[in-house]
Amino acid sequence: MDFTKRRQFLKGAGMAAAGAMAGSALPLDRWSRYGFISEASAQALPLEGKEGLTVLGDRPLTAETPAHLLDDEVTPVARHFIRNNGIVPTDMSPDSWTLRIDGLVDRPMTLGIEELRQRFEVVSYRLVIECGGNGRAGFEPPARGNQWTHGAVGCSEWTGVRLADVLKAAGYQETAIYTAHEGADLHLSGTPGKLPISRGVPLKKALDPYNLIAFEMNGGPLHPMNGAPLRLVIPGWPGSCSQKWLTRIWLRDVVHDGPKMTGSSYRVPPYPVAPGEFVPEEDMRIIHAMPVKSLITRPQSGLSIDTRELEVAGHAWAGDTEVARVDVSTDYGATWQAAELAPPHNPHAWQRFSAKVRFPAPGYYQVWARATDSNGVSQPFTPPWNPKGYLNNSLHQVSVRVV
Ligand SMILES: Nc1nc2c(c(=O)[nH]1)N[C@H]1C(S)=C(S)[C@@H](COP(=O)(O)O)O[C@H]1N2
Ligand SMILES: [Mo]
């Protein structure tokens with residue numbers, strides 16, 4: 001992190017430069033005014049502690065990470081993307097935070113963060129969170145919504161308690177089939193009590209032992225824009241299932257129908273459609289596991305090199321399953337070469353791949369990567385078009401000029 005630049009930046013924004021610099025204790029009171037501050041500082045404030053992100057929008061704040069800044073095996077807090085749907089809560093203090101577990105449970109509970117730590121086993125996992133709309137910018141004709149390119153994805157190390165353990169302790173009932181998640185952020189209209197987003201997952205997925213109710217990110221506090229002080233992490237499914245600023249989980253005997261669960265939100269047609277084709281809303285189906293995908297994080301696209309050999313590297317992940325292989329091509333898919341592929345650090349972590357490629361002659365090249373999951377399903381060459389522009393897992397490519 002370039003501290004000098006950041007200090008100047010903060011001065012420019014008319015703010016004290018102390019405090020957040022150390023990077024450990026984030027000054028929550030300063031962040032928390034987001035949503036109630038002038039437009040000039042609206043962009044600057046929430047991005048404190050973030051580095052190199054591309055802001056797509058500021059109301060709500062959405063920011064993605066350029067592919068070459070996602071090279072780390074564990075995504076640094078500063079480089080984890082931000083997808084807000086509403087106005088960030090004003091109070092994120094961990095000491096007074098409570099989580100309510102209710103609905104179809106035998107023992108409804110209200111738990112503080114310290115209580116969660118005491119009562120349940122605390123575990124740390126590296127877990128991929130990817131926005132369901134990541135890659136939307138690649139659709140033609142364009143799909144409305146945030147025009148994410150490749151960087152609405154991250155794999156940080158999350159520490160917390162297992163969602164499954166908490167649901168078991170609450171005694172989920174036989175009739176419960178779906179979770180419903182609520183957070184403390186507010187609808188953009190500012191209407192008190194109106195939620196911007198409340199999603200859920202089938203109980204079967206909720207009981208996956210790798211879902212966390214997380215209170216730490218990479219061994220420190222959660223970043224305010226990533227859901228401090230408490231969030232869900234439901235890896236492998238659209239990021240929207242991972243409720244930030246988590247206040248309540250209730251169990252239901254119907255498919256949850258909260259904001260962004262219904263209509264065409266996070267839904268795709270169950271059959272392939274032509275680009276631009278109209279799909280009736282009642283045909284749209286809720287997205288479950290995310291498809292197999294890979295991202296080239298090295299080299300940065302646009303590189304010029306004066307050697308014939310180059311190390312290509314990145315990550316691959318595959319929703320609820322594992323990546324079995326990654327192949328790379330430097331000739332538009334005419335020939336392929338197997339990359340080295342590491343096993344995941346734990347289930348639902350992304351997997352590192354790398355390959356040494358050779359360029360036969362000077363010129364312009366595209367390097368492509370293509371991952372295949374353990375079911376033998378590979379990434380498509382062309383984004384499978386759908387009305388809301390979800391699940392673009394087509395091949396990532398970077399360009400290289402050999403001089
Ligand atoms: N309370 C709340 N939780 C939320 C959201 C939100 O707007 N409010 N956005 C969701 C979406 S759409 C995504 S992709 C992820 C993004 O997590 P991140 O911002 O920490 O990267 O958070 C999810 N959880
Ligand atoms: Mo998302």
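Residues are numbered from 1 along each chain as its sequence is written. In this predicted model, local features need pLDDT of at least 70 and side-chain atom pairs count only at pLDDT 80 or more, while side-chain values use heavy atoms, with hydrogens and water left out.

The structure holds nine aromatic pairs; rings of Phe, Tyr and Trp (its six-membered ring) pair if their centres lie within 6.5 Å, and planes under 30 degrees apart count as stacked, over 60 as edge-to-face and the rest as tilted.

Next, select W336 and W368. Their ring centres are 6.5 Å apart and their planes stand at 55 degrees, so this pair is tilted. W336 lies in the loop between β18 (323-329) and β19 (337-338), and W368 in strand β22 (residues 363-373); strands are DSSP runs (E, at least two residues), numbered from the N terminus.

W368 is buried, with a relative accessible area of 10%, whereas W336 is partly exposed, at 30%. Buried means under 20% relative accessible area, exposed over 50% and partly exposed in between (1.4 Å probe, protein chains only).

The ring centres of W368 and F381 are 6.0 Å apart with planes at 70 degrees, so the pair is edge-to-face. F381 sits in the loop between β22 and β23 (396-402), 13 residues from W368. F381 is partly exposed, with a relative accessible area of 44%.

Conventions: Chains lettered and ligands numbered in written order. Helix = DSSP H or I, 4+ residues; strand = E, 2+ residues; numbered from the N terminus.
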